[in-house]
Amino acid sequence: MDLNRRTMLGMVGSGAVMAASGFPTLAQDSRELVIVTYPGALSGPHRWLADQMEARHPGLRIRLVPSDSQDIVAQIKAAQGHVPYDAGPNDEPPHLIGLSEGYLAARDDGQIPNLANALPQFVTKSQGAGVPATYSLVGLAVNTDVVPELPESWADLWSPRFAGQVGIARTSSNLGLATLVQAAKTFGGSEDDLEIGWQKLKELSPRAARSPAALTQMLEREEIAIAPLWNNNTAGLSQMGLPIRFVKPNDGPVAILSFFSGFRKSAHPELVAEWLNGILSKEYQAHAAAAPYYFGPTVTGVTVPPEAAAFTPGSAAEIAALQTIDWTRIVPQRSELVDRFDREFSI
């Protein structure tokens with residue numbers, strides 16, 4: 001998931017309700033846990049969880065450091081593997097990079113009892129590091145003042161009624177990569193056969209944006225009327241009172257997982273395990289699924305609140321219909337895909 005999209009919402013206060021995480025209150029200490037979080041309001045669920053842990057551990061300070069996952073990867077590379085953090089979130093592509101470069105800590109399943117409630121297919125994707133924290137969706141964001149007839153499927157994006165009104169994001173973002181892959185899949189291609197996706201994107205003659213945030217602003221300013229976009233960004237526009245709808249295509253929106261992982265050489269692995277267990281608690285998952293965050297739950301038994309239904313899957317049938325991407329096929333060619341996008345669309 002691209003973290004810069006998470007700056008679209010206003011700042012939100014965090015709760016202070018204790019969660020049943022299964023960990024006892026410890027004696028006074030003076031430890032500090034440094035956790036990477038999302039920029040802007042979407043850090044709210046992390047602050048909510050941090051408040052509870054600090055209440056259980058008098059003297060513990062949990063310092064949240066807002067940052068983009070790509071920036072974290074760059075920092076670690078520049079520091080030759082030194083990681084000044086204890087844990088942090090990563091969408092699937094940066095998670096795979098962390099695994100390949102060896103700076104993510106192996107998960108100790110015995111220290112994370114709530115892992116038993118996580119959806120098995122999401123746990124498998126973690127490859128033994130971290131836990132599946134949330135997922136966000138890529139669907140179609142539509143300005144209904146400009147386009148009163150909503151699309152129903154991914155293929156509808158190529159309908160003549162949307163000609164000249166489509167925007168797409170650069171492939172430096174997960175949103176842009178997902179758009180390319182979905183274009184290919186919609187017309188018979190795959191992660192291993194993206195050429196039809198390139199051809200179909202060029203057919204759109206789209207307005208290309210450098211980032212998901214820039215694409216969202218183009219939609220807000222009515223420079224475009226429809227775009228593949230994150231559910232979180234679209235919800236932010238809708239909450240501003242704009243006539244923006246999030247369409248989950250009937251052939252399935254694309255779900256992109258976000259993992260929360262400990263970093264190797266953390267001085268506090270037991271606190272990291274407690275944090276990861278809290279991420280998988282039903283209380284945290286319900287909090288993250290509600291407005292204004294709209295994150296998809298990764299554990300069973302969580303009810304998506306009614307106000308989130310337009311943006312987040314709430315039923316087993318909706319979850320089963322979600323499309324995913326085999327990022328192991330995309331990550332190795334990411335730099336080439338970015339370069340080609342910039343040539344094809346003059347970015």
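## Leu-175 in helix H5

Leu-175 is found in helix H5. This is a predicted model. Leu-175 has a relative accessible area of 0%. Buried means under 20%, so Leu-175 is buried.

Leu-175 can also be placed against Gly-102. In sequence, 73 residues separate the two. In space, their C-alpha atoms are 25 Å apart.

## Gln-182 in helix H5

Helix H5 also holds Gln-182. Its relative accessibility is 4%, so Gln-182 counts as buried.

What does Gln-182 touch, once residues up to four places away in sequence are left out? The partners are Trp-154, Val-254 and Gln-323.

## How H5 packs on H6

Helix H5 spans residues 174-186, and helix H6 spans residues 195-203. The two helices pack at an angle of about 100°. Their axes lie 7 Å apart. Angles of 65 to 115 degrees count as roughly perpendicular. H5 and H6 are therefore roughly perpendicular to each other.

Which residues meet at this contact? H5 brings Thr-179, Leu-180, Ala-183 and Ala-184. H6 brings Ile-196, Gly-197, Trp-198 and Leu-201. By class, the contact has 6 nonpolar and 2 polar residues. No charged residues take part in the contact of H5 with H6.

## The cavity

How many cavities of 30 Å³ or more does the structure hold? There is 1. The largest cavity has about 40 Å³ of space.

Its lining includes Trp-154, Leu-157, Trp-158 and Pro-228. Thr-179, Gln-182, Ala-183 and Thr-186 line the largest cavity too. H5 gives the most to this lining, with 4 residues. Some names return here from the sections above.

Helix H7 covers residues 212-220. Which of its residues are buried? They are Pro-212, Ala-213, Leu-215, Thr-216, Met-218 and Leu-219.

Glu-222 follows H7. It lies in the loop between H7 and strand E7, which covers 226-230. Phi of Glu-222 is near 60°, a positive value in a residue other than glycine. Is Glu-222 buried, exposed or partly exposed? At 45% relative accessibility, Glu-222 counts as partly exposed.

Is Ser-205 buried or exposed? Exposed means over 50% relative accessible area. The value for Ser-205 is 57%, so Ser-205 is exposed.

## A cis peptide bond

Where is there a cis peptide bond? One joins Ala-291 and Pro-292. Its omega is about 5°.

Pro-292 has its place in the loop between helix H10 and helix H11. H10 covers 282-289, and H11 covers 316-321.

Terms used. Residues are numbered from 1 along each chain as its sequence is written. This is a predicted model: local features need pLDDT of at least 70, side-chain atom pairs count only at pLDDT 80 or more; totals for chains, interfaces and linings use all residues. Side-chain values use heavy atoms; hydrogens and water are left out. Axes are lines fitted to C-alpha atoms, for helices over the stretch in contact, and angles run from 0 to 180 degrees between N-to-C directions. Angles under 35 degrees count as roughly parallel, over 145 as roughly antiparallel, 65 to 115 as roughly perpendicular and the rest as oblique. Contact means heavy atoms within 4.5 Å. Ala, Val, Leu, Ile, Met, Phe, Trp, Tyr, Cys and Pro count as nonpolar, Asp, Glu, Lys and Arg as charged, and the others, Gly among them, as polar. Buried means under 20% relative accessible area, exposed over 50%, partly exposed in between (1.4 Å probe, protein chains only). On a 1 Å grid over the protein atoms alone, a cavity is a set of points where a 1.4 Å probe fits but cannot get out, and a pocket is an open set with protein on both sides within 12 Å along at least five of seven lines; lining residues have an atom within 4 Å of a point. Grid points are joined across faces, edges and corners, and a volume is the space filled by probe spheres set on the points.
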